[in-house]
Amino acid sequence: MANISSASGKITLKGDWTQEAIAALELVLDMWEFYGEYGIQSYDGFDEEHQTSDFFGCGRWSFSGTLDSFEDWTRDWLKEKPKRPNGELIHSLTEEQYENFLKIMCEKNLVIEMDFEDVEEGCGGHIHEIGQFTSEDGSCIRYETLECENVIPSWDEYERSSLEAAVDFFENFLSDVNRKKLRKWVKNYVTPTDIFENTDDYWEIIEYFGDCGEDPFIEFFLKFSPDTEDWEEFNLFYEEMWGCTVEEDIDEGYGEDLDFYDDDDDDDDEDVEDDDEDRDVNTWDTEPQYPLDEIDALEISGSAFVLTGDFQNCDGDRDEVKKMIEEKGGRCTGAVSGKTNYLVLGDFGSVGAKKIDQVMEQRAKGKDIKIIAEYDLFRFL
């Protein structure tokens, strides 16, 4: 049986959609339910004043692929005329009505825009797509994807208990652990999921992340060096599943370019608590803890940046901060070097003292590296 994906978003009618054209479309939209298994399951409706409608749909593997199949499926339905058990036709659309719809689409150069997020069941993909239906010659309708991007899941989409269950799971593998640091690692490097609440079966959990195409266990080993009997037991399941232990599954050189392994922001400072009352604490507002440089301008294009600490902007997503810098022509690296131009300290603290020391060492060698606050970075982004 094919995987089912769930899509939700908006249908927008673009062009000169008269009431006649909308009526022709709605006959087709009602048929595009396709037995309620795939297709457009529900929508709010249109009129000449309201030409955007929320909708919900289901995809066969993916909703995008299902939209691409609508023309072929519609022709098959019109040919086969499927009926309900009582003998009634499942849909009332006729070939003449469908041809009239295509003719109107073509003559008026009308467009049906689909803007939606699609989530595959289980641990499948989650994408945001914008596409459109057109009928260039009136003989058929064609779907074209215009934009498509992966949606990065967030732990914020789950209950806090899901995150804590994940932290509990990994904590069992460590004889000595700073739970704050472990929680931060889980938030950054474990795909958000509620599986840790639903099962403690090692086999099921390993298989789940294998289906995701993710393997947090290698990164966990490199980061924390697990050492308990629970870890040894887990490794037996891992070896049975993949034919090798976690340690043996590490490729030579794996992790060398990942800054959280060899240049950890947390080595010298405790992570900030995730509790709500701590989220807006900015200890630098009154008394800066580090040698911040005052700047009147910021050269982003062509400059090298290193980010450290917890960021207030972009909901704390450091990758988004990096993306904004790169869009302005800058580049981001994981470690301080003589080629670094700016070290940016996140406004929520927990910065890496090691990085501060490295900047001071480079300055002693004559390198001009500025240490700036997140606030100053975003003044010029």
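Modeller: A residue is called buried here when its relative accessible area is under 20%, and exposed when that value is over 50%, with partly exposed in between. In this predicted model, buried residues make up 44% of the 381 residues in the chain. The chain holds 14 helices and ten strands. Of the contacts between residues at least 6 apart in sequence, 67% join residues at least 24 apart.

The sheet you ask about is open and has six strands, in the order 2-3-1-4-5-6, with antiparallel pairing. Strand 2 (39-43) and strand 6 (142-150) are its edge strands, and each of them pairs on one side only. From one strand to the next the twist averages 25°.

Strand 2 runs antiparallel to strand 3 (residues 52-60), and four bridges join the two. Within this pair, Ile40 stands opposite Gly57 of strand 3. Further along, strand 1 and strand 4 are paired in the antiparallel sense over ten bridges. Here Ser6 has Val119 of strand 4 opposite. Strand 4 is also joined to strand 5, again antiparallel, by eight bridges.

Next, the helices. Helix 1 lies across strand 1, strand 2 and strand 4, and runs at about 120° to strand 2. Helix 3 and helix 4 form a packed pair. Two packed helices are described by the angle between their axes and the distance between the axes. For helix 3 and helix 4 the angle is about 155° and the axes are 10 Å apart. Angles over 145 degrees count as roughly antiparallel, and helix 3 and helix 4 are therefore roughly antiparallel to each other. Where they meet, helix 3 contributes Glu71, Thr74, Arg75 and Leu78, while helix 4 contributes Glu95, Tyr98, Glu99 and Leu102.

Most residues other than glycine have a negative phi. Lys81, in the loop between helix 3 and helix 4, has instead a positive phi near 50°. With a relative accessible area of 41%, Lys81 is partly exposed. Asn109 is in the loop between helix 4 and strand 4, and its phi is also positive, about 55°, although Asn109 is not a glycine. Asn109 counts as exposed because its relative accessibility is 61%, over the 50% cut-off.

In soluble globular proteins, nonpolar side chains tend to be buried together. The largest nonpolar core in this chain has 36 residues, and those with the most contacts inside it are Trp32, Phe101, Ile112 and Met114. At least two residues of this core come from each of strand 1 (4-14), helix 1 (19-31), helix 2 (63-68), helix 3 (70-80), helix 4 (95-107), strand 4 (111-120) and strand 5 (126-134). Helix 1 gives the most, with seven residues.

Leaving out residues up to four places away in sequence, Met114 touches Lys10, Ile11, Ile40, Phe55, Phe63, Leu67, Glu129, Ile130, Gly131, Phe133 and Tyr143.

Thr191 lies in the loop between helix 6 (179-189) and helix 7 (195-198). Thr191 counts as buried because its relative accessibility is 19%, and the cut-off is under 20%. Beyond its neighbours within four places in sequence, Thr191 is in contact with Pro153, Trp155, Phe209 and Glu214. Helix 9 (residues 216-224) has as its buried residues Pro216, Phe217, Ile218, Glu219, Phe220 and Phe224. Asp215 caps the N-terminal end of helix 9, with a side-chain oxygen 3.0 Å from the backbone nitrogen of Phe217. Just after helix 9, Ser225 takes a positive phi of about 50°.

Note on methods. Residues numbered from 1 in each chain as written. Predicted model: local features only at pLDDT ≥ 70, side-chain atom pairs only at ≥ 80, totals over all residues. Heavy atoms only, no water. Buried < 20%, exposed > 50% of the residue type's maximum accessible area, 1.4 Å probe, protein only. Contact = heavy atoms within 4.5 Å. Polar contact = N/O pair within 3.5 Å; in protein donor to acceptor, adjacent residues only side chain to side chain. Core = buried A, V, L, I, M, F, W, Y, C linked by side-chain atoms within 4.5 Å. Pairing = 2+ DSSP bridges. Axes fitted to C-alpha atoms, helices over the stretch in contact; angles between N-to-C directions. Parallel < 35°, antiparallel > 145°, perpendicular 65-115°, else oblique.
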